[in-house]
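Trainee: Could you walk me through how the annotations, the domains and the contacts of a model like this are read together?

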Amino acid sequence: MNPYVLALLLFALGLGTTMTFASSHWLLAWMGLEINTLAIVPLMTQHHHPRAVEATTKYFLTQATAAATLLFASVTNAWITGQWDIHLMSHPIPTTMIILALALKVGLAPLHTWLPEVLQGLDLTTGLILSTWQKLAPFALLMQIPLQDHSMLIILALTSTLVGGWGGLNQTQLRKILAYSSIAHLGWMILIIQFFPSLSLLALSTYLIMTSAAFLTLKTNNTTSINMLATSWAKTPILTASFPLVLLSLGGLPPLTGFLPKWMILQELTKQQLPLTATMAALTALLSLYFYLRLSYAMTLTMAPNSLTSTAPWRFSPHQPTIPVSLTVMMAMLLLPLAPALMTLFFI
């Protein structure tokens, strides 16, 4: 892709997200989401592969449906209450429609079915943008909507943690596994978003770091399936030794970074007199932990077949910058000792 076109698309991507961040009016927020969607569509089709075109078509139709529902709900809210302000949502019908539209945009279960299929058809770089940056604008709107009843978000969140863990169990494609991982992590963030928004923001930040580390590692090793993980030792031994720790951090095991948000979310849920919800969320995390352990086993404890037709790859110099993957891998493993500083940063 032409670098000027790429820079223009990335600028539009940032502009759409920033516009949604800064808006308190539903029409302006909708415009930011539309700019965001239209900017990523050319990035998704830049390789002109049939799978990429199919994934882009699915993504565009899904996002257009969510945007139309959001616009209809905001117009309905303005018609009923006379208000376009995001913070003044009071009627339950448009509020419910907007939450469902934003859930469809980010891929919350049971509106998640498009996400694994779309992510499977993209390259790892665009998949990274879809899994991280594209979540920010709808997430910012979800944080601003006032709710009288939290049961709908709790049901969506618990369904997402369950589906995200269950759906990834029988997958062999790494992009689909990361898609289900994204669904499960979004469930944890939505679970606490109305009770403690700062904690939800902390969970989102750690998710962005860990998912970036996972995608950049797979891009460095050029691996897209579990079988290809067995050749990682010959390519990047140090990165291969670190990647299982990143996966276990995604699973939320101490003493890694991913343990911090889950631990604090469970603690806050018990403070909100929701011990059953906290127990169900902790149990669904075990499902996700299984396929993270499966990936760790495939990467570190299996070897590629040494036959005449299959030789181990040479360890060439990497073609992409290695500083981002190094930084994100270190942050995905070692941020837990900085928990007091992170709590001060996010909660004050």
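Mentor: Let us start with the record, keeping in mind throughout that this is a predicted model. An unreviewed UniProt entry assigns the domain "NADH:quinone oxidoreductase/Mrp antiporter transmembrane" to residues 23-287, and in the model that span is 74% helix and 0% strand, with its end C-alpha atoms 38 Å apart.

Trainee: Where does UniProt place the feature "transmembrane region", and what are the helix contents of residues 92-115 and 323-347?

Mentor: The unreviewed entry puts that feature at residues 60-80, 92-115, 151-169, 190-218, 238-261, 273-293 and 323-347. Among these, residues 92-115 are 71% helix and 0% strand, and their end C-alpha atoms lie 28 Å apart, while residues 323-347 are 84% helix and 0% strand, with 30 Å between the end C-alpha atoms.

Trainee: Into which domains is the protein divided, and how is the size of an interface often given?

Mentor: The size of an interface is often given as the accessible area that is lost when the parts come together. Here the parts are domain 1 (1-138) and domain 2 (149-305), whose centres, taken over C-alpha atoms, are separated by 23 Å. Between them they bury about 2,300 Å², of which 78% is on carbon and sulfur atoms. On the domain 1 side, L108, Q120 and L124 lose the most area to domain 2, together accounting for 28% of what that side buries.

Trainee: How many residues of each domain are in contact, and which polar interactions are counted between the domains?

Mentor: In contact are 25 residues of domain 1 and 27 residues of domain 2. The count between the domains is 7 residue pairs in polar contact, both residues of each pair being at pLDDT 80 or more. The salt-bridge count between domain 1 and domain 2 is 1.

Trainee: How many salt bridges does a search of the whole structure find, and which side chains meet in them?

Mentor: The search of the whole structure finds 2 salt bridges. In one, the side chains of K176 and E117 meet at 3.4 Å, N to O; in another, the side chains of K58 and E54 meet at 3.1 Å, N to O.

Trainee: Why are K58 and E54 separated by about one helical turn?

Mentor: K58 and E54 are separated by about one helical turn because they are 4 residues apart in helix α3 (residues 50-81).

Terms used: Residues numbered from 1 in each chain as written. Predicted model: local features only at pLDDT ≥ 70, side-chain atom pairs only at ≥ 80, totals over all residues. Heavy atoms only, no water. UniProt positions renumbered as here; feature names shortened; annotations may be inferred. Helix = DSSP H or I, 4+ residues; strand = E, 2+ residues; numbered from the N terminus. Domains from an automatic or database assignment. Contact = heavy atoms within 4.5 Å. Buried area = accessible area lost by both parts, 1.4 Å probe. Salt bridge = Lys/Arg side-chain N within 4 Å of Asp/Glu carboxyl O. Polar contact = N/O pair within 3.5 Å; in protein donor to acceptor, adjacent residues only side chain to side chain.
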